[in-house]
Amino acid sequence: MKKLRHAVVGVLLVAGLEGCTVMNEAPAIISEYFALEHFSSKQEVLSKVKQALLLDGFQIRSADLEAGYISTSPKNWKLTPEQANCGANKGIDFLEDNYTKIEVAFNVVVDDKAVIVRSNIQGEYLPEEPAQDLTLNCVSRGVIEVEMVKKILM
């Protein structure tokens, strides 16, 4: 197996998200992805992508191995405030509240030089009173993308 060089091709991460109020305003980041250079063939990496996603319990929704992408269906996942930002309600982070439901899906693109992972996070706040249900504007902090790339390439 070829030795992997851990050169970061691109990372769009912003720390210290602030300003999400009771109204759950959209966090400052629009999207993140994490890319890491690889030294295997595109097909070898795509095989590892499929294996890593399936071992983590994701269902592959669509894939085009010739074009080099794989997308998953959303999976229920309890994220922490260190992994994502979904805002807060009365000073309590939605991700720490038991009434919050989070689903995560991954899009993975592999070319001849890099593997790129992007997450899509959908959140809902479902308290006992249905009139207070909210769709949350959740944004990844990049942690889950980095973890997935490590599972793929390590």
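1. A residue counts as buried when its relative accessible area is under 20%, as exposed when that area is over 50%, and as partly exposed in between. Lysine 101, with a relative accessible area of 35%, is therefore partly exposed, and the same cut-offs apply to the other residues described in this note, which concerns a predicted model.

2. Lysine 101 forms a salt bridge with glutamate 103, and the closest N and O atoms of this pair are 3.8 Å apart. Glutamate 103 has a relative accessibility of 23%, so this residue too counts as partly exposed.

3. The structure holds two salt bridges, and the other one to consider brings together the side chains of aspartate 56 and lysine 151, with an N to O distance of 2.7 Å. This pair links distant parts of the chain, since aspartate 56 lies in the loop between α1 and β3 while lysine 151 belongs to helix α2, 95 residues apart. Lysine 151, at 44% relative accessibility, counts as partly exposed.

4. Helix α2, which spans residues 143–153, also has buried residues, namely Ile144, Glu145, Met148, Val149, Ile152 and Leu153. These residues lie on the same side of α2, because they cover an arc of only 155 degrees around the axis. Among the elements that cover them are β2 (34–37), α1 (42–55), β9 (100–110), β10 (114–125) and β12 (139–140).

5. The structure holds one disulfide, in which cysteine 86 is joined to cysteine 138 with an S to S distance of 2.0 Å. Cysteine 86 is placed in the loop between β6 (84–85) and β7 (88–89), and cysteine 138 in the loop between β11 (134–136) and β12, so the pair ties together parts that are 52 residues apart in sequence. The link is right-handed, with 120 degrees about the S-S bond.

Terms used
Residues are numbered from 1 along each chain as its sequence is written. This is a predicted model: local features need pLDDT of at least 70, side-chain atom pairs count only at pLDDT 80 or more; totals for chains, interfaces and linings use all residues. Side-chain values use heavy atoms; hydrogens and water are left out. Buried means under 20% relative accessible area, exposed over 50%, partly exposed in between (1.4 Å probe, protein chains only). Helices (H or I, at least four residues) and strands (E, at least two) are DSSP runs, numbered from the N terminus. The arc is that of the directions from the helix axis to the C-beta atoms. Contact means heavy atoms within 4.5 Å. A disulfide is a pair of cysteine sulfur atoms within 2.5 Å. A salt bridge is a side-chain nitrogen of Lys or Arg within 4 Å of a carboxyl oxygen of Asp or Glu.
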